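The following exercises ask the reader to work through one protein chain step by step.

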Amino acid sequence: MDLDLVFLGTSGSMPTAQRAPTALLVRRGGERLLFDCAEGTQRQLLRSQIGLVELKEIFLTHYHADHYLGLPGMLKTFALRGRQAPITIYGPTGLRRLFIALKVIFGQLTYPYHLEELRPGDVLDRGDYELGAFPVQHAVHSLGYALVERPRPGRFDVEAAARLGVPEGPERGALQAGRTVVIADGRAVTPEMVLGAERSGRKIVLAGDTAPSPSVLEAARGADVLVHEATFCHEEEERARETAHSTALDAAAVARAADVRMLALTHLSPRYLAGQVAREARTVFPETVVPRDFDIVDVPFQERGAPQLRKGGALHRQTEAVPEPEAVP
């Protein structure tokens, strides 16, 4: 099953000509999960190959304006298109209070919406994966999210199954699903007799806005991808502490301690170029990328290779990204 991250907005508190504020789409098989919905998110989707899909779920990390201002407009657009399917919005405590204010903006909708306030430690069970909320350290009540797939059965040994007399068909499917079968001669064949060692699932961690935090480190242990903010570089460390944000070095230290496979840095201040941020982080954690808007990170199963950054992967015409201009002083 395919799993990737589409970076729709990678700027910090305000948009720039090249970067929109925070929004990230997780695609897993046929599922589409949007994390944060900053100003202009629906237009970013429309500009991409993805389009403004009928999202079923939106997850907010916190209620600073640069993380939710695009939500009322998107909800209204869905209504103008005649949407009937319900949508669920998740977020930390305060979501219902936020929607009292937002309803003045989007008005009457053609479809129901459900609000789910999450607390740190809450877990949404999705069958073959879990989506958990964890605490982070920011200026307001905030959550990070971890998508953790359950382990998968080992590889099916066709030769072993043939030697045991397991016929092709439903019996082999049942064994692959972890169920014991009884074959024609009355013998029971257990999954362990035809399956290899259990294989790990994938794990992606989205930290949202946060200062360096032990809770993020704990949530990120062994992750395939950690998406972490890097609002500042090291020379602005004091400013980072004042605003409960992180530097590129902070994020890299978390990634190294958590032993993640890839660190993706977002929420960049317009004072920095991507190259500056990447160079600083790579002094501590070499497997760092700094996605631009419309970049995609593919997350394969571990036995199929490492996560990969596809530059401009969500654009209609995949060309080399346009270099960013000089940073704002």
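**Exercise 1. Determine how many positive and negative side chains the chain has, and how far apart the centres of the two sets lie.**

Solution. Step 1: Lys and Arg are counted as positive and Asp and Glu as negative, while His and the chain ends are not counted. Step 2: each charge is placed at NZ of Lys, CZ of Arg, CG of Asp or CD of Glu. Step 3: the count gives 38 positive and 42 negative side chains, and 4 Å separates the centres of the two sets.

The model is predicted: local features need pLDDT of at least 70 and side-chain atom pairs count only at pLDDT 80 or more, whereas totals for chains, interfaces and linings use all residues. Residues are numbered from 1 along each chain as its sequence is written, and side-chain values use heavy atoms, with hydrogens and water left out.

**Exercise 2. Describe the overall build of the chain: its helices and strands, its radius of gyration and its buried share.**

Solution. Step 1: helices (DSSP runs of H or I, at least four residues) and strands (runs of E, at least two) are numbered from the N terminus; the chain has nine helices and 17 strands. Step 2: the radius of gyration is taken over C-alpha atoms, and the globule rule is 2.2 Å times the number of residues to the power 0.38. For 329 residues the rule puts a compact globule near 20 Å, and the 22 Å of the chain agrees with this. Along the principal axes, the C-alpha trace spans about 75 × 50 × 40 Å. Step 3: a residue is buried under 20% relative accessible area, exposed over 50%, and partly exposed in between (1.4 Å probe, protein chains only); 52% of the 329 residues count as buried. Step 4: a contact means heavy atoms within 4.5 Å. Among contacts with a separation of 6 or more, 63% come from residues 24 or more positions apart.

**Exercise 3. State how many salt bridges the structure holds, and examine the pair Glu117 and Arg96.**

Solution. Step 1: a salt bridge is a side-chain nitrogen of Lys or Arg within 4 Å of a carboxyl oxygen of Asp or Glu, and the structure holds 21 of them. Step 2: in the bridge between Glu117 and Arg96, the closest N and O atoms are 3.5 Å apart. Step 3: Glu117 belongs to strand S6 (residues 113-118) and Arg96 to helix H3 (residues 95-106), so the pair ties together parts that are 21 residues apart in sequence. Step 4: both ends can be classed by accessibility; Glu117 is partly exposed at 25%, and Arg96 is partly exposed at 44%. Step 5: salt bridges can also join into a network, as they do for Arg28, Glu31, Asp128, Glu149 and Arg202.

**Exercise 4. Which helix holds both Glu242 and Arg239, and how many residues apart are they?**

Solution. Step 1: the two residues form a salt bridge whose closest N and O atoms are 3.7 Å apart. Step 2: both lie in helix H7 (residues 237-243), three residues apart, about one turn of the helix. Step 3: an α-helix has 3.6 residues a turn, so residues three or four places apart point the same way. Step 4: Glu242 counts as exposed at 53% relative accessibility, whereas Arg239 is partly exposed at 40%.

**Exercise 5. Is His228 buried or exposed, and which residues does His228 touch?**

Solution. Step 1: His228 is located in strand S13 (residues 225-229). Step 2: a relative accessibility of 1% makes His228 buried. Step 3: leaving aside residues up to four places away in sequence, its contacts include Ala207, Thr210, Ser246, Ala251, Val254 and Leu265. Step 4: Ala251 and Val254 are among the buried residues of helix H8 (residues 248-258), and the buried residues of H8 pack against S13, as well as helix H6 (214-220), H7, S14 and H9. Step 5: just after H8, Asp259 takes a positive phi of about 55°.

**Exercise 6. Locate Ala38 and state how far Ala38 lies from Thr22 in sequence and in space.**

Solution. Step 1: Ala38 sits in the loop between strand S3 (31-35) and helix H1 (41-47). Step 2: Ala38 is buried, with a relative accessible area of 0%. Step 3: Ala38 and Thr22 are 16 residues apart in sequence and 5.4 Å apart in space, C-alpha to C-alpha. Step 4: Thr22 is one of the residues that Ala38 touches, and others include Pro21, Asp66, His67 and Gly70.
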